[in-house]
Amino acid sequence: MSDKFFFKGRQDARQHHTAYGGFQTNASQKSGSKKFPLTLVVTSEVRKQEIEVQVAEARLHANIRVDTSEGAVESITELTALQNKGATVTAAKAASRNDPCTCGSGLKFKKCCG
């Protein structure tokens, strides 16, 4: 007879789900914070000061590096993406049947404009 149908003692303790590599419990990494600063590259000291002002106005944190070599390319895409981020859109709630009418008559919406 097979032993697989009978319980023979305690099962092995299983590892916690975070012990397996690659799973991040704190997956939200807000770029521009103190822990995850933006990485920006500019081509001159004057441009670095301009970018520092923009970062301060946006209340972000950034590591700004000046690259004065030939053919250097400015890289501030992370900053522009955060600055051009759209605001949350909320729709106004429509009046239901038993709410006061929006015209100001004092009647219920179903008796007045509905």
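The largest nonpolar core of this predicted model has nine residues: Leu38, Leu40, Val42, Ile51, Val55, Leu60, Ile64, Ile76 and Leu79. Strand S1 (38-42) and helix H1 each supply at least two residues of this core. S1 gives the most, with three residues.

Helix H1 covers residues 45-57. At 1.5 Å a residue, its 13 residues should span 18 Å, and the end C-alpha atoms are 19 Å apart, which agrees. Just after H1, Arg59 takes a positive phi of about 55°.

In one of them, the side chains of Arg47 and Glu50 meet at 3.0 Å, N to O. Glu50 and Arg47 are three residues apart in helix H1, so about one helical turn separates them. In an α-helix there are 3.6 residues a turn, so residues three or four places apart point the same way.

The side chain of Arg47 also meets that of Glu74 in a salt bridge, at 3.1 Å, N to O. This pair links distant parts of the chain, 27 residues apart: Arg47 lies in helix H1, and Glu74 in the loop between strand S2 (62-66) and helix H2 (77-83). Through shared partners, the salt bridges join Arg47, Glu50 and Glu74 into one network.

How exposed are these residues? Arg47 is partly exposed, with a relative accessible area of 23%. Glu74 counts as partly exposed at 31% relative accessibility, and Glu50 counts as partly exposed at 39%.

How values were computed:
Residues numbered from 1 in each chain as written. Predicted model: local features only at pLDDT ≥ 70, side-chain atom pairs only at ≥ 80, totals over all residues. Heavy atoms only, no water. Helix = DSSP H or I, 4+ residues; strand = E, 2+ residues; numbered from the N terminus. Expected span 1.5 Å × (residues − 1). Core = buried A, V, L, I, M, F, W, Y, C linked by side-chain atoms within 4.5 Å. Buried < 20%, exposed > 50% of the residue type's maximum accessible area, 1.4 Å probe, protein only. Salt bridge = Lys/Arg side-chain N within 4 Å of Asp/Glu carboxyl O.
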